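This report describes selected side-chain interactions and the packing around them. The structure is shown first, and the analysis follows.

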Amino acid sequence: MSVDEILAIEEEVKQLHHNPVQASHSFSRLDAKTTFTGFWNIHVKPVIEISKALAKKYNSPVSDSVWLAAIFHDIARLSDEEPHDEIGAERAKAFLNERGL
């Protein structure tokens, strides 16, 4: 997978956080947008950057997979579903399959 493809995926997932279409949380749409934009900025994006740095530091042969895992690691938080790790893995797989990846 190319860097451009992963960057495009990262941007698309970022937009899901910045513009949550459906939030099953108990707060308003505006609060959801503020919450998930902040969540992206203070949690997801740093996890992505740290994961990429660690993959590089340790010469990971699967650095693209590490990057993608970081992008998707909390995707189920957008809909507040549990177990978020398992549901998030299913969503990530579906997301990538829909794009032929």
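## Salt bridges and packing

R99 has a relative accessible area of 32% and is therefore partly exposed; the classes are buried for under 20% relative accessible area, exposed for over 50%, and partly exposed in between, with a 1.4 Å probe and protein chains only. The model is a predicted one, in which local features need pLDDT of at least 70 and side-chain atom pairs count only at pLDDT 80 or more, whereas totals for chains, interfaces and linings use all residues. Residues are numbered from 1 along each chain as its sequence is written, and side-chain values use heavy atoms, with hydrogens and water left out.

R99 is joined to E12 by a salt bridge whose closest N and O atoms are 2.4 Å apart; the term denotes a side-chain nitrogen of Lys or Arg within 4 Å of a carboxyl oxygen of Asp or Glu. Because E12 lies in helix α1 and R99 in the segment after α4, the pair ties together parts that are 87 residues apart in sequence. Helices are DSSP runs (H or I, at least four residues), numbered from the N terminus. E12 is itself partly exposed, at 33% relative accessible area.

Over the whole structure, a search finds six salt bridges.

E10 counts as buried because its relative accessibility is 6%, whereas K45, at 28%, counts as partly exposed. E49 is partly exposed, at 35% relative accessibility. Shared partners join E10, K45 and E49 into one network of salt bridges.

E10 is also one of the residues touched by I71, along with I6, I9, V13, V44 and I48, not counting residues up to four places away in sequence; contact here means heavy atoms within 4.5 Å. The largest nonpolar core has 18 residues, of which I9, V13, I48, L68, I71 and F72 touch the most other members. Helices α1 (3-18), α2 (29-57), α3 and α4 each supply at least two residues of this core. Such a core is a set of buried Ala, Val, Leu, Ile, Met, Phe, Trp, Tyr and Cys residues joined through side-chain atoms within 4.5 Å. In soluble globular proteins, nonpolar side chains tend to be buried together.

D74 lies in the loop between α3 (63-72) and α4 (84-98). D74 counts as buried because its relative accessibility is 8%. Its contacts are F39, H43 and H84, leaving out residues up to four places away in sequence. With the side chain of H84, the side chain of D74 makes a polar contact at 3.0 Å.  A polar contact is a pair of N or O atoms within 3.5 Å; within protein, one must be able to donate a hydrogen and the other to accept it, and residues adjacent in sequence count only if both atoms are side-chain atoms.
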